[in-house]
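User: I would like to go through some labels and the cut-offs behind them.

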Amino acid sequence: MSTNMDVSTSRGDARVQTLKSEYIWTIENYSLRTQNRHESLESEKFKIEGTERYYSLMFFPTGISGDDDFAKLYLVQCKYDEVEVSFTVTFLVDDKPVKTEKSISRKFNQRVKELGIQKVYRVQNVNELLSAEDVMTIRCELTVRVSEVKETVPIEPIEGSASFLPWHLDFSNLFLSEHLSDVELVAQSGPSVPGHMILLAANSPVLCRMIESAEKRENGRNVVYVNDIRREVLVDMMCFIYKRKVAWSGVDFIGDLLSAAHNYQVEELKQLCETMLSNHLTVKNAMEVYVKAKACNAEHLKAEALRFLQKDSGSSSNSSKAYTRVNKLSSDFTWTISNYSLLKKQPGESLKSPGFKVDDGRIEYYLKLYPAGFPDHSEFAGVALSQATEVEHVCQFTISVMIDRRPVVIIRAGSCDFARSSNSYRLRELFKLKNSREVLSEDTLTLRCDLTIVADSESLLIEQPIADAAVTRPKWKFNELFLSEHLSDVRLRTACGKTIPAHKALLAAASPIFNKMFSNDMLESRVNFVCINDIGYEALVQMLRYVYATGIRDRIETSVMCELLEAADKYDIEGLRLECERILCANLTVENAIDLLSTALKHNADSLKSRVRKFIEFHRKEIIESDKFPQKLDRLTIIDVMEALSFTKCND
């Protein structure tokens, strides 16, 4: 819940707008939510009404590592905005305030986006802030002061720019691509999957450790074995890493993807799978989803599944409902028999397939094909499923005859109780012998066996309401690899002789020029060394900071910022170019206007050019009298300046 108000005052030539908002955060079942030390809870986003200013609260109920005597609370700015912020938190018990703490006043900018109260309360005194129902209620009163400087030049925002950085690296072209690939991932079956170490390591701490200890093949690539994932699940996990997309493929498949994300600590993918499964809960799958969530420590999904089951059980406080879920293991096996017409068998004679196992590897099976049928049933070809081991279990199976990957015959068996009554189950009528040509493709018979084993069961009794679960933030960032030797596969050398470690995949995703450099027929792809003699060391570092950390420092000398704009233009990094223009426009002065106009003209910075021209129009007298006019100017800049001054004179 939030309320808002707007108060305006004036300071000199600026108008200060004061915005106030109130937000109430209720945390139910508090004691259950804070059992893990140093973990955080995050509120929903809230905004100041009538604006696009979004904030959230991040709460550390048991402190942080190294300082666990006091709980800590932070106000987090969700969208970059240069404002002055302060807030007050009040703990309410039965709607009555019991404790109040105030923050200092602080200015938010590109580097400062959080404001905290370091000692909200002593952890040992938390019970004083809880209601009898174990509920904590926090009221946040937010004050935001916005300075609206009185402009001397009417200007419009730079097209394509924003108060936050709008761009992101696009790795979609590298998905399943051999280009710049330096690692191969080998799954349970099927061909290996090409990957890029820096992307996998940045998304998954587990894959990062596996890459560091991986063996290297003759082609120079590292090989990582991920034997606990099916290839199609691995491909979808990598699709998320490269494209940030996952298509809905059913509860079972997304459940497997959730397990992979959990095991390899791909936190964003895990959260996405939880959301997708939560949105597809039904009476039939809720118990299955709950078991999967429990196995993967997916607290948010587990809570949603339990809430769904509880809702389905009715609202009576004196009733309860039990759920039992039978677990299953599934597998499929494809058997291809070439030159089928050459098989000359008598009724009762069989051809045996290679053995195959289900997912847990405990039970092994094989198929027997009877091309001439059974002795007492010789009009049809027959097939039998047998187990090579002697394990008591119940299964169901389906045999399909495939042509061009499509079934033309499907025969389903009922429940088969192996070892207790038999070790083999027969299907006597696979297809009529006289119609055998209809099931062959180029004289090849393809059989597919889909097998499901009943494993065990799990029961659950729903008795009490379940609280919401907190969703943690993603933990991986490319900025940890900024200027790092870790996994570096290329070095950039400037004219001063200094070298900087970098990563080809990130540079290629950020810049089409770098992408071409690292193609197979370019020298840079072979020597892993790039000479950049036309950009200074500081400007190059700032360009890499933008690529790795999606940001640059505002307080950079104008000459370096102009050099950075030149680099953005040369390497076609559109987001960086817009950011440089934005910062240069914000730092326009009479002294540097002519130089910035010259820079804008050289590097096709149209927004900067337009802004500078308007600035010159409004400061015509100061510009003409300055030392920069007209000495040491190139002809193109002089013409543009004169046009701006002539336009102003005509309007005068």
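User: Which helices each supply at least two residues of the lining of the largest cavity?

Analyst: Helix 2 (197-203) and helix 9 (504-510) do. Helices here are DSSP runs of H or I with at least four residues, and strands are runs of E with at least two, numbered from the N terminus. The model is predicted: local features need pLDDT of at least 70, side-chain atom pairs count only at pLDDT 80 or more, and totals for chains, interfaces and linings use all residues. Residues are numbered from 1 along each chain as its sequence is written, and side-chain values use heavy atoms, without hydrogens and water.

User: Why are strand 21 and strand 22 called paired?

Analyst: Two strands pair if DSSP finds at least two bridges between them. Strand 21 (residues 393-403) and strand 22 (residues 406-412) have six bridges, in the antiparallel sense, so they count as paired. Met402 stands opposite Pro407 in strand 22.

User: What makes Phe175 and Tyr242 a tilted aromatic pair?

Analyst: Rings of Phe, Tyr and Trp (its six-membered ring) pair if their centres lie within 6.5 Å; planes under 30 degrees apart are stacked, over 60 edge-to-face, the rest tilted. A search of the whole structure finds eleven aromatic pairs. In the pair of Phe175 and Tyr242, the centres are 6.0 Å apart and the planes 50°, so the pair is tilted. Phe175 and Tyr242 lie 67 residues apart.
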